[in-house]
Amino acid sequence: MDNGELSQDVKVDSKESAFYVDAAKYWEQVPPTVDGMLGGLSSISDIDLKGSQRFLNSLYQLVECPGKERALDGGAGIGRVTQGFLMKNFPVVDLVEQDKQFLDEAEKALEPTNHKGQFFNIGLQKFTPEACVYDIMWVQWVLGHLTDDDLISFFIRCKSGLKPKGLLVLKENLTSSGEVEMDSTDSSVTRPRALIIELIKKAGLRVIKEQKQQRFPHELYEVRMFAIQPE
């Protein structure tokens, strides 16, 4: 599904559909580079990936830890997280990305590597994972592009995609104001921690481990990682 098809699918008279269409239009104009994926902050990529690796390592210290066979990169962009982190931990990594230009770039970048996995060109609000296949579903910096209702529905569908000991990991910006903050430029929202936790609970999931990303510039939003599992 390319972005033209996406626009046709969701283009009805509602603010909710405009939220998705406007975001798709924004990302169509963004170059398929690390700098593009990180809004001009490619300098934080290495710090981000190292923080993610430390958090993942901590999950394998748990008594009921997940396996290490297959992962999902949700909102994968050009495959930065897959290539820089997930592939080093899982022999199979599937990528889900709404923007076809980004996904094409990911395929191109991963082709000369030992990457194994599928590429799904679809938004997370419409993605349904195969049942009971993922040890880790890693979803980073994309939740703000889903409405609350679609996010709950996505979480519920993720539950079916996890293996019995599998975990859904969220890595996301959080507001310090306690309020939802809207960014009209890319048609996204940033939620406070309390709302993220509430939506997780509404989907029948619970947080089993949480950690703040360290060493990011102070002017950025706080970023936290949440490991969650079905209740």
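Predicted model: local features only at pLDDT ≥ 70, side-chain atom pairs only at ≥ 80, totals over all residues.
Local features need pLDDT of at least 70 and side-chain atom pairs count only at pLDDT 80 or more, while totals for chains, interfaces and linings use all residues. Residues are numbered from 1 along each chain as its sequence is written, and side-chain values use heavy atoms, without hydrogens and water.

The largest pocket holds about 1100 Å³ of space. A pocket is an open set of points on a 1 Å grid over the protein atoms alone, where a 1.4 Å probe fits, with protein on both sides within 12 Å along at least five of seven lines. Lining residues have an atom within 4 Å of a point. The lining comprises 49 residues. W27, M37, W141, H145 and D186 lie nearest the centre. By class, 25 are nonpolar, 16 polar and eight charged.

The UniProt annotation "binding site", from an unreviewed entry, covers G75, R80, L124, Q125 and Q140.

Beyond four places in sequence, R80 has contacts (heavy atoms within 4.5 Å) with V34, L38, S45, D48, L49, Q140 and W141. The side chains of R80 and D48 are joined by a polar contact of 2.8 Å.

L124 is also buried, at 5% relative accessibility. Residues in contact with L124, leaving aside neighbours within four places, include G74, G75, V96 and F154.

Technical notes: Points joined across faces, edges and corners; volume = space filled by probe spheres on them. Nonpolar A, V, L, I, M, F, W, Y, C, P; charged D, E, K, R; others polar. UniProt positions renumbered as here; feature names shortened; annotations may be inferred. Polar contact = N/O pair within 3.5 Å; in protein donor to acceptor, adjacent residues only side chain to side chain. Buried < 20%, exposed > 50% of the residue type's maximum accessible area, 1.4 Å probe, protein only.
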